[in-house]
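Please read the points alongside the structure shown here.

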Amino acid sequence: MRTAAVVTVTNGKRPLELEQCIKSIASQKGITPTHYILCDGDFNTFIEIRRLYSNGCVKVCYWDTKIGGKDLEGRRWLAAAPHLINEEVTFFCNDDDWYEADHVETIMEKINEGNDWAYSFSKGV
């Protein structure tokens, strides 16, 4: 069984949505991915997010400058993250999105069938 990581970039400006995102990753069936929350910019926001959520499966990381420049909200974190983590499969989840409880398991099944990658579309609201 391959290991999985979920990467979420946040600036902390959507705390309720971030909480829902984190809970959805923590409640995955069949596999417990490591959830990397990458904080972009404000150190106090990083400290608060780490205080609230950091545990064995949630890793809160911080970079002390804005990554990506104007209006990119840390998007370069997304490009760099797969090179910085040790898990074999990388998922991405925005801080204002969340997963169904079987999302990671379903995608991992496709990858474990021998596919190099898999994807899914998000649901509209």
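1. A disulfide is a pair of cysteine sulfur atoms within 2.5 Å. The structure holds zero disulfides. Cys21 is in none, and the nearest cysteine sulfur, that of Cys93, is 3.8 Å away. Cys61 is likewise in no disulfide, with the nearest cysteine sulfur, that of Cys39, 8.1 Å away.

2. The model is predicted: local features need pLDDT of at least 70, side-chain atom pairs count only at pLDDT 80 or more, and totals for chains, interfaces and linings use all residues. Residues are numbered from 1 along each chain as its sequence is written, and side-chain values use heavy atoms, with hydrogens and water left out.

3. Cys21 counts as buried because its relative accessibility is 0%. Cys61, at 25%, counts as partly exposed.

4. Helices (H or I, at least four residues) and strands (E, at least two) are DSSP runs, numbered from the N terminus. The expected span of a helix is 1.5 Å times one less than its number of residues. For the twelve residues of helix 1 (residues 15-26) this gives 16 Å, which agrees with the 16 Å between its end C-alpha atoms.

5. Leu18, Cys21, Ile22, Ser24 and Ile25 are the buried residues of helix 1. Seen down the helix axis, these buried residues fall within an arc of 160 degrees (taken from the directions from the axis to the C-beta atoms), so they line one face of helix 1. The face turned away from the buried side carries the exposed residues Leu16, Lys23 and Ala26.

6. The buried residues of helix 1 pack against strand 1 (4-10), strand 2 (34-40) and helix 2 (43-53), where contact means heavy atoms within 4.5 Å.

Conventions: Buried means under 20% relative accessible area, exposed over 50%, partly exposed in between (1.4 Å probe, protein chains only).
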